[in-house]
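Please keep the viewer open as you read.

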Amino acid sequence: MTDRMAEQRVRVTQDSGSRWRRRAGEYDTLQEALAAAEPGDTVAVRPGVFREAVLLDKPVTVLAADGPGSVRISPPAGVPLTVTAAATVQDLIVEGSDRSLPAVLVTADGARLTGCRIDTQASAGVELGDGASAVLRSCTVANPAGLGVRLRPGARAGLQECEVSTAGQAGIAVLGGAAAVLDRCRVHHTGGAGLLLTGSGSGAELTGCEIYEIRGSGVQAEDGAVGRLTDCTVHRVTGNGLTLDTEAELLLAGCRIHDLPENAADLRGRARLRLERCTLHTFGRGALSVWDAGTEVEAEGSEIHSADGDYPALWVSDGARLALADCTLHDLPDALFVLDRDSRASAADCSFSRIRSSAVSVSGGATADLTDCRIQEAGTGLWFRDHGSGGLLTGCEIADVATGVIVAKGADPVLRECTVRGAGDAGVYVSAQGRGTFEDCRVSHGRGFGFHVIDGCRTVLTRCRTEQNGRAGFEFSEAGPVTEGCVSDDVPPPPPALPVPRTALPPAPALASAPPYPPLLAPAAGPALLPATARLTSAGPANATAGAIAPIPDCRPADEALAELDALVGLATVKQEVRTLIDLITVGRRRRQAGLKAPSLRRHLVFTGAPGTGKTTVARLYGEILASLGVLQRGHLVEVARVDLVGEHIGSTAIRTAAAFDRARGGVLFIDEAYALAPEDGGRDFGREAIDTLVKLMEDHRDEVVVIVAGYTAEMERFLAANPGLSSRFSRTVTFPDYSAEELLEIARAQCAEHEYALAEATEKALQEHFAGLERGPGFGNGRTARQVFETMVERHAVRVAQLADPSTEELQLLVPADLPL
């Protein structure tokens with residue numbers, strides 16, 4: 001035997017326990033060794049190159065005796081490695097040169113390849129035949145001539161920590177109902193899609209995978225195929241990150257798609273895509289391009305930003321659907337374009353910022369529905385371009401834009417409780433037969449008109465408000481708009497009523513001599529005293545179809561709000577603290593009026609105490625009182641908690657916090673359980689970002705918003721220590737004590753009076769004893785507990801009285817001790 005053949009000997013180890021087997025031995029060729037091996041044996045191959053095709057038709061283990069890279073299977077023709085049994089192959093290099101055949105062909109169930117390298121010029125690096133199954137672990141596949149891994153119909157493959165590279169076609173192809181599971185794999189430098197899914201029933205599940213440097217789409221799914229990607233990255237491809245067609249479905253969770261010359265995702269033909277907590281950025285065309293009726297995209301908690309081109313980030317057309325929830329879009333040329341009849345987009349609790357042109361554009365009869373969305377720093381906030389285009393927008397905020405809302409050419413959206421602040425031009429602009437319905441909307445702090453309606457458009461404005469705009473609040477160039485209950489700060493209050501003379505009126509003239517105009521407009525009465533509310537703007541003509549634009553009503557007097565404060569049960573120390581603050585503010589104003597220096601007061605407060613002690617109610621009254629004193633513009637209360645301020649992505653927290661602060665301009669920002677922004681173990685928690693943003697906003701806008709933070713006493717001390725400048729922003733801490741049993745009984749009495757019930761004397765005694773016996777732990781609800789007890793008594797009373805055949809009025813009202821909670 002030559003030295004070369006000695007180097008290539010193959011050893012068969014008897015792993016079976018059968019006593020009838022011959023002893024293990026060594027062989028010159030793999031073919032001889034495999035012929036001698038029996039199921040369960042291990043075939044250890046010494047280093048060398050084997051120029052023979054290998055057929056594994058028994059469940060044996062074939063491995064390189066000296067570890068990875070020491071054994072090469074490289075036949076001159078045919079399939080280098082064929083597996084027709086549940087065999088295991090470990091640490092081999094497989095090479096092939098027949099471009100019409102695969103390098104590794106698996107046709108059985110249960111095959112395993114571990115640590116192998118398939119480096120070939122073949123039709124496929126690894127191919128699983130119909131119905132076959134295999135697991136590839138820590139393998140690499142390089143096949144410049146064809147596919148990396150191909151799964152035929154019904155095949156199933158698991159790839160763990162594998163690498164597929166330099167494939168001439170798709171990296172991994174899952175065909176005709178096959179299924180693949182990839183865990184921490186890399187697919188790169190392929191001549192086709194990184195992952196190709198095609199055929200009904202075909203599916204793939206990828207976790208922690210990376211697809212990059214692809215000449216084509218990162219993932220291509222079609223013909224009813226489905227896939228799920230979790231914590232995966234798709235980047236640096238020449239086509240789309242994802243391409244879906246003909247009823248394909250993909251779900252991505254926690255994935256990143258970026259650095260693409262085309263779209264992050266392109267969908268057509270009734271395909272469906274869902275994104276959860278994904279990031280899409282640095283794309284040449286769009287983030288999501290959605291086409292055709294039946295095609296749908298849902299995105300939740302995702303971030304889309306930093307486009308390279310001049311295309312809209314989100315494109316919805318030809319009847320497609322898009323739904324966004326809690327998403328952030330920023331640094332884009334245009335954010336959302338919805339085109340064509342039956343196309344529809346919806347967005348809830350989303351943020352659009354730093355948009356160079358339009359944040360939302362709706363045209364061609366499409367619809368966009370937005371709820372609680374924020375648009376900031378955009379060219380145009382919302383643009384409804386033509387006939388049939390519209391949608392319902394509720395609770396949206398638009399700030400720092402060139403134009404807030406444009407409605408043109410027959411478009412007809414509905415906006416409810418929306419605000420536009422700081423527009424460079426008009427807050428709302430309607431022209432060219434545009435319509436639009438605006439209910440309870442507010443436009444403020446713009447440099448142009450608040451609502452600018454031209455061309456006689458039949459816009460409907462109900463209870464809308466404008467203030468602090470550079471030009472008129474409401475500008476109507478022609479008759480057409482319809483207003484009801486609208487107010488503006490540029491409309492002066494009506495003049496006081498003229499005193500009626502005490503002298504007797506002269507007799508009315510005879511009808512024959514009556515002038516041809518109503519007596520109130522008679523020249524003898526002087527010029528017509530039309531109320532200012534009938535004048536639309538100082539520049540525009542009167543409009544018969546418009547209702548009165550009224551001046552903004554004054555807040556209720558401070559005495560009324562203070563009286564309501566005094567009427568609250570208990571809280572004696574709280575009431576005294578609030579009155580002290582009011583006295584300081586009032587005297588400071590009088591000192592300034594007298595030409596004296598007034599102390600600079602920080603009006604921000606810390607409220608400490610248990611839940612249900614009236615903190616929110618007192619905050620609301622405090623805002624009203626400050627507004628009545630002229631310290632705040634409106635005095636309204638905006639209540640938020642951690643969930644309203646802290647986002648899930650870097651940068652989104654600052655945007656959310658600024659949006660909440662902006663909603664509170666002119667009033668009170670009340671942050672309940674503020675200590676949740678600074679958890680004890682939250683070194684990298686985004687709550688700290690909310691605190692830092694809040695500190696800066698409080699300094700930059702110290703005269704526009706009063707901030708009140710509330711929570712338990714000890715936890716609030718930790719909160720105030722979270723930022724060096726935080727505690728100095730607050731003037732004082734107001735402590736809300738727990739209610740006593742007597743005070744809880746008083747709250748229950750007030751509930752009874754409000755709802756027309758009565759407490760028997762014995763019931764009051766039993767109720768006070770019940771309150772006195774309640775455990776006062778951290779979960780004690782104070783006034784909330786009193787209300788819950790009352791509600792329980794009402795329910796038990798109803799059950800009891802329902803058994804009476806003909807209850808009297810007294811029985812319908814009277815609560816007895818039996819109605820108390822058990």
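## Arg268 and its loop

Arg268 lies in the loop between strand 32 (265-267) and strand 33 (272-276). Strands here are DSSP runs of E with at least two residues, helices are runs of H or I with at least four residues, and both are numbered from the N terminus. The model is predicted, so local features need pLDDT of at least 70 and side-chain atom pairs count only at pLDDT 80 or more, while totals for chains, interfaces and linings use all residues. Residues are numbered from 1 along each chain as its sequence is written, and side-chain values use heavy atoms, with hydrogens and water left out.

Setting aside residues up to four places away in sequence, Arg268 touches Leu244, Asp245, Thr246, Trp291, Asp292 and Thr295, where contact means heavy atoms within 4.5 Å. Arg268 and Ala320 are 52 residues apart in sequence, yet their C-alpha atoms are 8.6 Å apart in space.

## Two buried strand residues

Now look at His305 in strand 37 (residues 303-305). His305 has a relative accessible area of 15% and is therefore buried. Not counting residues up to four places away in sequence, the partners of His305 are Thr279, Leu280, His281, Thr282 and Phe283, together with His330, Asp331 and Leu332.

Val126 sits in strand 14 (residues 124-128). Its relative accessible area is 1%, so Val126 is buried. Leaving aside neighbours within four places in sequence, Val126 is in contact with Val104, Ile118, Leu136, Val141, Gly148, Val149 and Arg150.

## Helix 10 against helix 11

Two packed helices are described by the angle between their axes and the distance between the axes. For helix 10 (residues 741-754) and helix 11 (residues 761-772), the axes come within 8 Å and cross at roughly 130 degrees. Axes are lines fitted to C-alpha atoms, for helices over the stretch in contact, and angles run from 0 to 180 degrees between N-to-C directions. Helix 10 and helix 11 are therefore oblique to each other; angles under 35 degrees count as roughly parallel, over 145 as roughly antiparallel, 65 to 115 as roughly perpendicular, and the rest as oblique.

Which residues in helix 10 and helix 11 meet? Ala741, Glu742, Leu744, Leu745, Ala748 and Arg749 in helix 10 meet Glu764, Leu767, Gln768, Phe771 and Ala772 in helix 11. By class, this contact of helix 10 with helix 11 has seven nonpolar, one polar and three charged residues. Here Ala, Val, Leu, Ile, Met, Phe, Trp, Tyr, Cys and Pro count as nonpolar, Asp, Glu, Lys and Arg as charged, and the others, Gly among them, as polar.

## Helix 11 against helix 12

The axes of helix 11 and helix 12 (residues 783-801) come within 12 Å and cross at roughly 135 degrees. Helix 11 is therefore oblique to helix 12. Thr763, Leu767, His770 and Phe771 in helix 11 meet Ala786, Val789 and Met793 in helix 12. The contact of helix 11 with helix 12 divides into five nonpolar, two polar and no charged residues.

## The whole chain

The protein has 13 helices and 66 strands. Of its 822 residues, 52% count as buried.

Notes
Buried < 20%, exposed > 50% of the residue type's maximum accessible area, 1.4 Å probe, protein only.
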